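Hi,

Here is the structure I said I would pass on.

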Amino acid sequence: MSTHKKQTAIRLFSALACLGWMATAGTGPATAQAAEPWESGCLVRGLDPNGDGFLSVRTGPSSKYKEIARVRNGDALFFDNRQCKGKWCLADGASVSKRNVKLKGWFYTAWCEFYP
């Protein structure tokens, strides 16, 4: 995903989050569109704050790989949906604690609410 497209997706996500937009299609005040059909985002949801409270980002598509980062509820991971293996996808950028960060690693999609 190009830097411009990532920045556009981050700005769109931030604007929609400020409006209280839910990432489920058709439930928010606006319908977002990705720049390319394979560009997607994962809004991290459903992690138990009384449990671990984080989703690990890893060097490969399995929990056997080294953890390189942790994301929490409300954070977003950006990815190319052609770069997924089963329920694991390769993130290429993120919004963590409302800050844009460079992050490249694999995450498990069970805790994702997908948008465009």
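Residues are numbered from 1 along each chain as its sequence is written, and side-chain values use heavy atoms, with hydrogens and water left out.

On confidence, the mean pLDDT (the predictor's confidence in each residue, from 0 to 100) of the protein chain is 79, and 71% of its residues reach 70 or more. Residues 14–32 are the stretch to watch: pLDDT stays under 50 there, and the model has 18 contacts beyond four places in sequence for them. A contact here means heavy atoms within 4.5 Å. Where pLDDT is low, the predicted coordinates should not be read in detail.

Now the overall layout. The protein chain has 1 helix and 7 strands, in the order α-β-β-β-β-β-β-β along the sequence. Both are DSSP runs numbered from the N terminus (helices: H or I, at least four residues; strands: E, at least two). Of the 116 residues, 39% count as buried, where buried means under 20% relative accessible area, exposed over 50%, and partly exposed in between (1.4 Å probe, protein chains only). Among contacts between residues at least 6 apart in sequence, 53% join residues at least 24 apart.

Counting bonded cysteines along the chain, the pattern is 1-4, 2-3.

- Cys-42 and Cys-112: the sulfur atoms are 2.1 Å apart, and the link is left-handed, with -85 degrees about the S-S bond. Cys-42 sits in strand β1 (residues 39–44) and Cys-112 in strand β7 (residues 112–115), so this pair ties together parts that are 70 residues apart in sequence. Both Cys-42 and Cys-112 are buried.
- Cys-84 and Cys-89: the sulfur atoms are 2.0 Å apart, and this disulfide is right-handed because the torsion about its S-S bond is about 105 degrees. Cys-84 is partly exposed at 25% relative accessible area, whereas Cys-89 is buried at 4%.

Then the charged pairs. Side chains of opposite charge can pair when their charged atoms come close. The count comes to 3 salt bridges, taking a salt bridge as a side-chain nitrogen of Lys or Arg within 4 Å of a carboxyl oxygen of Asp or Glu.

- Arg-45 and Glu-113: the closest N and O atoms are 3.5 Å apart. Arg-45 lies in the loop between β1 and β2 (55–58) and Glu-113 in strand β7, so the pair ties together parts 68 residues apart in sequence. Arg-45 is partly exposed at 33% relative accessibility, while Glu-113 is buried at 17%.
- Arg-70 and Glu-67: they meet at 3.0 Å, N to O. Arg-70 is partly exposed at 45%, and Glu-67 is partly exposed at 28%.
- Arg-82 and Asp-80: they meet at 2.8 Å, N to O. Arg-82 is exposed at 53%, but Asp-80 is buried at 17%.

What else does Asp-80 touch, not counting residues up to four places away in sequence? Asp-80, which is in strand β4 (residues 76–85), touches Trp-38 and Leu-90.

Cheers

Conventions
This is a predicted model: local features need pLDDT of at least 70, side-chain atom pairs count only at pLDDT 80 or more; totals for chains, interfaces and linings use all residues. A disulfide is a pair of cysteine sulfur atoms within 2.5 Å.
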